[in-house]
Amino acid sequence: MKKAIYIILFILIAIFFTKDIDFFKNDFYENIKTIENPDDLLVLVNKNNKLPDNYIPKNLVLIDNKYSNNDKYLQKEAKMAFENLSQDARLLGYYIIGVSAYRDYNYQKSLYNEYVKEKGQSYADRASARPGHSEHQTGLAIDVMGSNNDYDLFEKSNEFNWMKDNAHLYGFILRYPKGKEKITGFKYEPWHYRYVGVKHAKMIYEGNLTLEEYLKTT
Ligand SMILES: [Zn+2]
């Protein structure tokens, strides 16, 4: 009798895990499309949409060193917006510093390969983007840190709370929110913000959406 219970239990557990595997199945890095409008403000770069290898944004400009930890570039409109954001935050006592902004194809390639070498491909695919699939290549994305000086711990900083409620007022969205990994393809990244302009950022923020979801509604 006891044996039967164990067998049933075993079957139930087996079903649960098989379901789980199914649940995590996705088509990331399959049916990849090359992006035709890389200069569009709402350009969607993710695991299924790849930038052309040789793509370099035309209007990259240096972020003022007051607001980044060394020479970092963004597209001009995003750079202005980020400086305004960081300056306004500072007036309230919050220190928001850009630690990574535009990254070219080759830089992303070496970054991704480094992750693969150290932690294997499945980890690398969660933590980093393959070359051509990184939003950082658009010059519209920025990773930030707060006054605890560690982007990895940004969520624990006061700056994060401020960013959560104010970034959209400057045109930035939290690009990889918690619980949306299956939509974005990336783990929760409290430090990564994407410039889309104030109008779109506001709608994305108010709708609690990802860029993927928002683009489907427009
Ligand atoms: Zn990032």
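This is a predicted model: local features need pLDDT of at least 70, side-chain atom pairs count only at pLDDT 80 or more; totals for chains, interfaces and linings use all residues.
**The whole chain**

Stay zoomed out for a moment. Along its principal axes, the C-alpha trace spans about 70 × 40 × 40 Å. The chain has 218 residues, and buried ones make up 34% of them. Now think about which parts of the sequence meet. Taking contacts between residues at least 6 apart in sequence, 58% join residues at least 24 apart.

**The four-stranded sheet**

Next, select β5, β6, β7 and β8. These 4 strands form an open sheet, and reading across it the order is β5-β6-β8-β7, with antiparallel pairing. Look at the two edges: β5 (97–100) and β7 (172–174) each have a single partner strand, so one side of each is left without a neighbour in the sheet. Turn the view to look along the sheet and you can follow its twist, which averages 45° from one strand to the next. As a bit of background, strands of a sheet pair through backbone hydrogen bonds, either parallel or antiparallel.

Zoom in on β6, residues 141–145, and its pairing with β8, residues 192–195. These two run antiparallel and are joined over 3 bridges. Which residue of β8 is the bridge partner of Ile 142? Pick Tyr 193 and you have it. Then click on Asp 143, which stands opposite His 192 in β8.

Now move to the other neighbour of this strand. β5 and β6 also run antiparallel, again with 3 bridges joining them. Here, Gly 98 has Val 144 of β6 as its bridge partner.

While β6 is selected, check how well it is covered. Of its 5 residues, 5 are buried. That holds for both faces: Ala 141, Asp 143 and Met 145 are buried on one side, and Ile 142 and Val 144 are buried on the other.

Select residues 76–91 to bring up helix α2. With 16 residues at 1.5 Å a residue, α2 should span 22 Å, and its end C-alpha atoms are 23 Å apart, which agrees. Colour its buried residues: Ala 78, Lys 79, Ala 81, Phe 82, Leu 85, Ser 86 and Ala 89. Look down the axis of α2 and they fall within an arc of 165°, so these buried residues line one face of the helix. Just past the end of α2, click on Gly 93, which takes a positive phi of about 90°.

Now for the largest nonpolar core, a set of 35 residues. Show Leu 74, Val 144, Phe 172 and Ile 173, the ones with the most contacts inside this core. The elements giving two or more residues to this core are β4 (73–75), α2, β6, α5, β7, β8 and α7 (198–206). Which element gives the most? That is α2, with 5 residues. In general, nonpolar side chains tend to be buried together in soluble globular proteins.

Centre the view on Leu 74. Leaving aside neighbours within four places in sequence, its contacts include Leu 60, Val 61, Ile 63, Phe 82 and Ile 142.

**Helix α3**

Select residues 105–119 for helix α3. Its 15 residues should span 21 Å at 1.5 Å a residue, and the end C-alpha atoms are 21 Å apart, which agrees. Just after α3 comes Gly 120, with a positive phi of about 90°.

Start with Asn 31, in the loop between α1 (2–24) and β1 (33–34). Its phi is near 50°, a positive value in a residue other than glycine. Is Asn 31 buried or exposed? With 7 other C-beta atoms within 10 Å, Asn 31 is exposed.

Go on to Asn 149, in the loop between β6 and α5 (158–166). Though not a glycine, Asn 149 has a positive phi of about 60°. Asn 149 has 13 other C-beta atoms within 10 Å and is partly exposed.

The last stop is Asn 158, found in helix α5. Asn 158 counts as partly exposed, with 15 C-beta neighbours inside 10 Å. Leaving out residues up to four places away in sequence, Asn 158 touches Tyr 94 and Gly 146. Draw a distance from Asn 158 to Gly 146: they are 12 residues apart along the chain, and their C-alpha atoms are separated by 7.5 Å.

Methods: Residues are numbered from 1 along each chain as its sequence is written. Two strands pair if DSSP finds at least two bridges between them. Axes are lines fitted to C-alpha atoms, for helices over the stretch in contact, and angles run from 0 to 180 degrees between N-to-C directions. A residue is buried if 20 or more other C-beta atoms lie within 10 Å of its own, exposed if 12 or fewer, and partly exposed in between; C-beta atoms are placed from the backbone. The expected span of a helix is 1.5 Å times one less than its number of residues. The arc is that of the directions from the helix axis to the C-beta atoms. Two residues are in contact if their C-beta atoms, placed from the backbone, lie within 7 Å. A nonpolar core is a set of buried Ala, Val, Leu, Ile, Met, Phe, Trp, Tyr and Cys residues joined through C-beta atoms within 7 Å.
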